[in-house]
Structures are given as structure tokens and as C-alpha cells.
Amino acid sequence: MTDTSPKRPRGTMPAPAPTDTAKTYWDGFHQSVRTPADWVARPNPLLVDEVSGLQAGTALDLGCGAGGDAIWLAQNGWRVTAVDVSAAVLAKAATAAARAGVGDRIDWQEHDLTRSLPAGTFGLVTAQYLHSPIAGAAEREAVFASAATTVAPGGTFLVISHVGFPTWLSEQPPDYLTDQLVPNSVILDWVRATPGTWTVDVDKVVTRDSTGPAGETGTADDAVLRIRRLH
Ligand SMILES: C[S@@+](CC[C@H](N)C(=O)[O-])C[C@H]1O[C@@H](n2cnc3c(N)ncnc32)[C@H](O)[C@@H]1O
């Protein structure tokens, strides 16, 4: 049989199978990641930069993955609700949080964000690289629009996204990956279509170092959007 699935450049997310759901895709992805015994969950330095000046309170981490950001937030005084669709990665993150001594400050919740969200509103809502080849543009728009409703008046919504491929990538990325690159202006339109009045505190693109799976060095562009809900 001919394999017609899109070619996956090394170091990028695999193409989903036609039968995949967000849960089967991401559980499979996270289970395939080898975790060394001395692994320590680390936060995204861009998140650390953006959040360090904020007053700690309640935080919601959307698509928390292995928990590096949620653990750092808990260590810095936040009471965190951390959400992912993958039970496999939530178990790994909870183990790392317990090891870091902040297990009691993080509520890990399994949700498919296209279907449900934790109850309540939060002083900080973060979405770090919430990309998913499983979700089309309409689903992503719905996820960001409903996420915006979980930001309390006066609270902050921080979105950090890939907006370019690493310079070390030599192959042409397939459509299912290029479709993931959404600029801040589009995310802002999605959020502004929801109830609430928003002000933009940070809207920028940052070029950071990037290392490939075989140790290739290069850079990649990330977009940082930090907006505040006035009321
Ligand atoms: C690219 S990873 C980023 C993980 C983490 N935020 C980070 O910065 O390392 C995307 C994460 O979102 C989760 N995810 C993807 N689709 C989701 C959905 N529909 N609902 C909840 N989580 C989802 C994945 O399991 C994965 O952990």
C-alpha cells in the first residue's frame, strides 16, 4: 500500500491519522517522548519574563504538557489549574510537581479544550504553544474565544506561539504544520469577538535559539501576546 501521509520533518509534530482524536493523538505523542531519569520540568523563559512582574493569584495553564510552566507558577506563589487532553502527560507533570514540592498547589485537569474548560475565572490564563495538528482553524478560534471568557476582569491572557519554523529545518514543512502558524493579530481578533474589553500590554515577535533533534543549531520566531481584560 502507498503511504500518502504528509512527510514529517525531523523534530516536528507527526501527522495525525484519519482516526485520531485530540486525545489519541496527544496521548500517543507524549507516550513516545523518552524521559531521562534525571529529567526536570522547566518553564518557558518567555513566560517567566512576562509573568514575573504580575501579582500572583490564580492561574490557568491551557495545554500544560509536561508541567514546566505550571510548576514554575506554583513555585512563584500562584495557585494553578493546569489542563491537558492527555492523561499520560498529566501523570508525568503531577509526578514532577510532587518532586518539586508544589503538588498541593496545582490542580491537574483533563479536558479536551474543544469541548470543555475548568469552571471559574482566573487572574492569569496562559496558552504556551497551544498548537495541535488535530484542530482546524475554526476549532482553534473556538478554543481561544472560550479561553478568553475564563480571564477575570483585571486579569491577563498570555499567549506564546510558534510563528516560524526553526532555521535548521531543511525540508519544506507540510500544510498540517504551516496551518499552525497564526499571528498575534488573528488571535487578537478571536479574543476581541468575545465579551469583555481588552488592552494590549505586549505584542511582539521574539527570535530565540533553537536546537534540532540531531543537535543542529539555529533560531526560531515565537510570538508573545500579553493582553489584559479591563472589564
Ligand atoms: C505543543 S504542546 C505545548 C505544551 C506546553 N504548553 C509547552 O509549552 O511545552 C501542546 C499541548 O497541548 C495539548 N493539547 C493539544 N490539543 C489539546 C486539546 N484539544 N485540549 C487540551 N489540550 C490539548 C497537548 O497534549 C500538548 O501537551
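The following is a conversation about a predicted model and the terms used to describe it.

Colleague: What should I know about the numbering and the model?

Modeller: Residues are numbered from 1 along each chain as its sequence is written. The model is predicted, so local features need pLDDT of at least 70 and side-chain atom pairs count only at pLDDT 80 or more, while totals for chains, interfaces and linings use all residues; side-chain values use heavy atoms, with hydrogens and water left out.

Colleague: Why is Asp 27 called buried?

Modeller: Buried means under 20% relative accessible area, exposed over 50%, and partly exposed in between, with a 1.4 Å probe and protein chains only. Asp 27 has a relative accessible area of 13%, so Asp 27 is buried. This residue is found in helix H1 (residues 22-31); helices (H or I, at least four residues) and strands (E, at least two) are DSSP runs, numbered from the N terminus.

Colleague: Why is Tyr 129 called partly exposed?

Modeller: Its relative accessible area is 24%, so Tyr 129 is partly exposed. Tyr 129 is found in the loop between strand E4 (122-128) and helix H5 (137-148).

Colleague: What is the phi of Tyr 129?

Modeller: Tyr 129 has a positive phi of about 55° although it is not a glycine. Most residues other than glycine have a negative phi.

Colleague: What makes the pair Asp 27 and Ser 86 a polar contact?

Modeller: A polar contact is a pair of N or O atoms within 3.5 Å; within protein, one must be able to donate a hydrogen and the other to accept it, and residues adjacent in sequence count only if both atoms are side-chain atoms. The side chains of Asp 27 and Ser 86 make such a contact at 2.6 Å. The side chain of Asp 27 makes another polar contact, with the side chain of Lys 23, at 2.8 Å.

Colleague: Which polar atoms lie by the nitrogen atoms of the ligand?

Modeller: A polar side-chain atom of Asp 112 lies 2.9 Å from a ligand nitrogen. A polar backbone atom of Val 85 is 3.1 Å from a ligand nitrogen, and for a backbone N or O atom of His 111 the distance is 3.4 Å. Taken alone, the ligand exposes 590 Å², and the protein buries 84% of that; these areas come from the Shrake-Rupley method with a 1.4 Å probe, and for residues only the protein chains shown count as cover.

Colleague: How do you know that E1 and E2 pair?

Modeller: Two strands pair if DSSP finds at least two bridges between them. E1 and E2 have five bridges, in the parallel sense, and in E2 the bridge partner of Ala 59 is Val 80. The chain crosses from E1 through helix H3 (residues 68-75) to E2 in a right-handed β-α-β crossover. Right-handed means that, with the strands pointing away from the viewer, the path from the first strand over the helix to the second runs clockwise.

Colleague: What other strands does this apply to?

Modeller: Strand E2 (residues 79-84) and strand E3 (residues 106-110) pair in the parallel sense over five bridges, with Ala 82 having Trp 108 as its bridge partner in E3. E1 and E4 pair in the parallel sense over four bridges.

Colleague: How do strands E6 and E7 run?

Modeller: Strand E6 (residues 198-211) and strand E7 (residues 217-229) run antiparallel and are joined by 13 bridges. They form a hairpin with five residues between them.
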